Amino acid sequence: MPEEPLAAVVRALHGLGRELDGLSVAELLWLAAATRARRGAPQRADAAAVPPSPSSGAVDPRERLSGWGPLHRPVYGPSASGGDAVPARQVPVPSGTALPRAREIARALRPLRRPWTAGRRQQLDLARTVAGYARSGELLPAFRPAPERWFDLTVVLDRSPTMAVWGDTADELLKVLATTGAFRTLRVREVDTWEARPRTRSPGTGSPTARQRRLTLVFSDCVPGADGAGLWDRVHAWAGAAPTLLVNPLPPKIWRHSGLDLPAVKVTTPGAPGVPNTRLRFLAPPLLEDAFRTPAGRPDTWLPLPVVGLSPRSVGRWARTLMRGDPAGCEAVLVPEPGLLTRTPAPPDAPADAGQLVEAFLHRASAPAVRLAVLCSPYPRMHAGLLHLVRQELVPEASAANMAEVVVGGLVSVEEGPGQGGPVLSFRDGVRERLAPRLGARDAVRTRAAVSRFIAAHTAAPSRFPALVPDAEGDAEIASGGAPFAEASPQTLRALGVVSEERVPRPEAGSGGNRPYFFLSYAHTPRYGAGGPDPDRWVERLFRDLCGHVTALTDLPAGADAGFMDREIRGGEGWSERLGAALATCRVFVPLYSPRYFASEMCGKEWFAFSQRAIRHGAVSNQPAEAIVPALWVPVPPSQLPGPAERLQFNHNTFGERYVTDGLYGLIKLRGHAEQYEVAVFELAKRIVEVAETVRLGPHHPVDYRTVPSAFGTATSYQGSLRIAVAAPTRGNLPEGRSADYYGDSPDDWNPYHPESARPLAHVAADLAYQLNDQADLSTLEHEVARRDHRLATGPLILLVDRWALELPAVRGALAALDAADPPGLSMVVAWSRHDQESIAAGPRLSGRLAETVPNMLRRSTPRTTGGALSLEGFGNLMPQVVAGAYEDHFRRPSPRGDLPPGSGSTLEPG
C-alpha cells in the first residue's frame, strides 16, 4: 500500500537527525511554504494551473521576472513576440505631458489676442446714445461694431507615418490653442498624404479682409517634403492667400537634414498687424538664383514662411513679429513656387555600426537629450508615452526638441504598436550596450521609483499608453529579456481598473510585506496667494533624497518603498486607512520639527499612533523601542518643545553646525549651503537605517488614525497629575484556584497578558498615559483609600482592576469604600486575557462579585472598560479614551462626598 504524503514528509523530517516534535514539524512546513511564496510560487489555485514554457523545462519562466509576487507587479513595455514568454495582462498606465512648458507657450500667444475693432457683432454705444438723447430728447439706442478676436485659426495636422511619434504632442498643442482664447474660431484638418497639387480650396481663400483675418498653422516634421511630394506646393498656396505658419517639433539644428532644407531668412512686418506672408519683408540670401535655379525677373517666386519650434521663445518671437511689428523679426524659410524646386532622392544610407551611431549622437546631441537616452537604455522596447513620462519626471529641463533628438538621432527605430497603442520605439542592436555604462545604479533605481510614483498618483489621468504586468490569466505575453520600468502596487492596479480585489490580496498585518523604512511626518504649509507655488515641494525633495540614500544603504529590492509621506495618497483614496497602515508597518518615525509642526493636531495624532505601537513593542520584548528619529526642518527653541519631543534624547549636532542653526529648510533653500544639506540628509538617512536595524520594530494592526488623540495636547490640554492604581493580588495572597504566573511581589507587578507581554500592566498604562500628559504617576490602592478629601486631588484616578482581587476580603472592602466615596475623575479598567482559561472558567462568579462591590463605578463606566480589555492591543487602544474621560469627569463633576465612610480601612491586609 503506498505511503501517505504527510507520513512521507514527517519521515523525511525525522531523517534529518534531530528531535522534532509536532510543533517543530509544523514550523518547518510553514517556513517551507513561506520561502516558496517569496521565490515566486503561485499562491492561487488558478495560477498554479498555468503550464510552464516548453523551452524552460520544469522551471516556471516567471521565476526570472524581478518583482513577481501577489502584492506588487512589475510593469513592462510592449513585448516582441517569440521566445520564452510569461503570461501577462495589458494595462493602461498614465503618460507624462507630451508638450513641455504648455503654459508658457500659451502665454507666448498673448499678442494674438489683439482685438479686431470692427467685429461682426453689435454692441450698445453708450456715449452716442446719451448724446442723442441730450440732443433730441428721445431715447434711441445707438450701436457700434463690437471688438472680437483677430484670427480664425485653421490647424493642418500632418498625420503621415513619420508623425506618429508626435500624435500626443499634436493633441496637446490643439488643447493649448483651443483654451488660450486668442482665436475667434478653431478648425482642424488632418492630412495623411501630400499630393503634388492641392485638391481642395486653400484655407485662405476669400476677400482680402477675410484672408487677412485667417491664420493657417501647419504642424509637420517636413519629412514628406524631402522626396519631392506636395507639402511645399500646398504651403505655397496657403501662404500666398493668408498668414501661414509652420510648427516643426524637430530641433532647429536638424531642420536642414529633413525636408526643411530651404533658404533660411529672417522676416519682419511693414508695421501693420496680421499681414499675410506676401507682405512679410526679408533679405534674400546671396546666390539664391544660382543655387536653386530661380528664373530671372521672378521676385514673387519665393514666399516667406515663418517656422517655429515647440518652445515659448520661438512662439513668442513669431507672435510679437506678426502682431506688434517687433523689429527683431523671427525665423523663416523661403518656399518655392510649385514645380520650381526639384529634388533628386538621396541614395539610401549604408547601415551604420552601433558604435558610430552612439558616438555621432553623443557628439551632436544636447545634454538633456543624452541624459534622456541614457535613462531609457534599460528598456529594449518602450512606448512613446514612457519617453514623455521619463522626460517629465527625471529630465524636467528637456523640451520637445530634446526628445526629438532621441527619436531622430538614429538610436531607435519607430514602429506601430499593437492595436491602437500608438508608436513603439526600439533601440537598434548594440546601442543599449554602449549607453549602459553611462547609467549609474542610483539613476536606474530613481527612474523606476519616479515612474512608479507617477503611475500611482495619476491613475485617473486621461492620457495613457498600454503596458504589461505579469498575470497568470492574461491573454498577452512578456518576452524574455525585458526590463520593467515601474512597480504597481495592489492599490494602483485596482485604480487602473484591471485587477479586482480578489485577484490582488491585501498585505496582512504582521507580515513582512513591503514595509517602508521610515514615515516622514511634517506639517503642511499653506499656499501663499491663489496661484503661488506649492510650499511643500521642498519637503518632497527631502523625502526623495532620503529615499535614495536609504535605498543605497540597504538591500531593499527594486520597487520597494524606502519611505512614506502623505503626498503619495491620491485624491479619493482613503487617507485615514493609508496613513494608519503606513504607521502600523514603518520601521522608523521621522518628524520634521518646526513651530507649525507642534501646533498641528494631525502631526500629534501621527506621533501618538506610532508611540502606541512602540510602547506595545516594548511591552512584548521588555526592551526600549526608541524608533523616533527627529529632524530639524525649522529650528525650535527647547522651551517650545512639547513633552514627547523634549524627552527624546537626540543629538542634532552630529548633522552639522549649519543644520542646527538653519535647519533643513534653510539648507535646501540657500544654494551656498548645498554641501551642508547633502551631508545632513546623508547622516539622517544613516541614522534611520541604524535605528531600523537595531530596534527592529515589528508591524502591527493599523489603528484608525482619526480616533487617536494628539501627543501634543489641544487648546484645552490635560491639566493636573494623573494617578494610576492597581487592585490585584500578589503571589503571597493568591485566591484559591489562581495561578501565580500573572503576579509578583507587589500589586503593581500584575501582568494579565502574560506571556504575550513581559511588562506589568501598570507600567504599560503609565507609558501610554505619559504620551498624553507629562504628569502620570503610579499610586496605590491603599493611598487612594486613605485620602481624606478627594476634592483636593489635582488630577483624576485610573484604577486597573483584576477581578480575582475581589476574592480577597480586604481588597473587596477597599474597592467598596472607594466606590461609595465616588470621587470625581475615577475611571476603572478591568483587564484580563482571552487566553486565560482560569479567568474564563471563573468569569460569571467574578463578574457577579464586581457588580456587587463597585456599582457606582460600573454605572459611570462604559461597557468597554468594565467588560474587560482582552488583549494588550485592546488595552492600548482603550487607554486614550479612558484618560480623556477621566479628565473630563474630574473637572466637570463635583464630588458628592468628600470623605470616605467612617470605619474604612487605610491598608490592605492579606486575605
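The entries below go from the whole chain to single residues.

**Entry 1, ground rules.** I am working with a predicted model, in which local features need pLDDT of at least 70 and side-chain atom pairs count only at pLDDT 80 or more, while totals for chains, interfaces and linings use all residues. Residues are numbered from 1 along each chain as its sequence is written, and side-chain values use heavy atoms, with hydrogens and water left out.

I find 32 helices and 27 strands in the chain, where helices (H or I, at least four residues) and strands (E, at least two) are DSSP runs numbered from the N terminus. Of the 911 residues in the chain, 50% are buried; I use buried for under 20% relative accessible area, exposed for over 50% and partly exposed for what lies in between, with a 1.4 Å probe and protein chains only. Taking contact to mean heavy atoms within 4.5 Å, I note that 79% of the contacts between residues at least 6 apart in sequence join residues at least 24 apart.

I looked up the axes of H18 (residues 537–553) and H24, which come within 9 Å and cross at roughly 55°; axes are lines fitted to C-alpha atoms, for helices over the stretch in contact, and angles run from 0 to 180 degrees between N-to-C directions. That makes H18 oblique to H24, since angles under 35 degrees count as roughly parallel, over 145 as roughly antiparallel, 65 to 115 as roughly perpendicular and the rest as oblique. The crossing of H18 with H24 is right-handed, a term for a near helix turned clockwise from the far one by less than a right angle, with anticlockwise giving left-handed. I sort the contact of H18 with H24 into eleven nonpolar, one polar and four charged residues, with Ala, Val, Leu, Ile, Met, Phe, Trp, Tyr, Cys and Pro counted as nonpolar, Asp, Glu, Lys and Arg as charged, and the others, Gly among them, as polar.

The axes of H21 (residues 601–621) and H32 (residues 872–892) come within 11 Å and cross at roughly 140°, which makes H21 oblique to H32. On the H21 side I list Phe608, Gln612, Arg616, Ala619 and Val620, and on the H32 side Leu872, Glu873, Gly876, Asn877 and Pro880. Five of the residues in this contact of H21 with H32 are nonpolar, three are polar and two are charged. H21 passes H32 in a right-handed crossing.

I count 24 salt bridges, each defined as a side-chain nitrogen of Lys or Arg within 4 Å of a carboxyl oxygen of Asp or Glu.

- Glu690 and Arg687 pair at 3.6 Å, N to O, and both lie in H24 (residues 674–695), three residues apart, about one turn of the helix. Glu690 is partly exposed at 45% relative accessible area, and Arg687 is partly exposed at 29%.
- Arg696 and Glu693 pair at 3.4 Å, N to O; Arg696 is exposed at 57%, whereas Glu693 is partly exposed at 31%.
- Asp836 and Arg738 have their closest N and O atoms 2.9 Å apart. The pair links distant parts of the chain, with Asp836 in the loop between strand E27 (826–830) and helix H28 (837–841) and Arg738 in the loop between strand E24 (722–727) and helix H25 (761–770), 98 residues apart. Both Asp836 and Arg738 are buried.
- Glu148, Asp152 and Arg184 are linked in a network of salt bridges.

I checked H13 (residues 384–394) and found nine of its eleven residues buried, among them His388 and Arg391.

I looked up a cis peptide bond, which joins His754 and Pro755 with omega about 5°; Pro755 lies in the loop between E24 and H25. Arg101 is a residue other than glycine with a positive phi, near 60°; Arg101 sits in the loop between strand E2 (85–94) and helix H4 (102–108) and is exposed at 51%. Asp822, also a residue other than glycine, has a positive phi near 50°; Asp822 belongs to the loop between helix H27 (809–821) and E27 and is buried at 9%.
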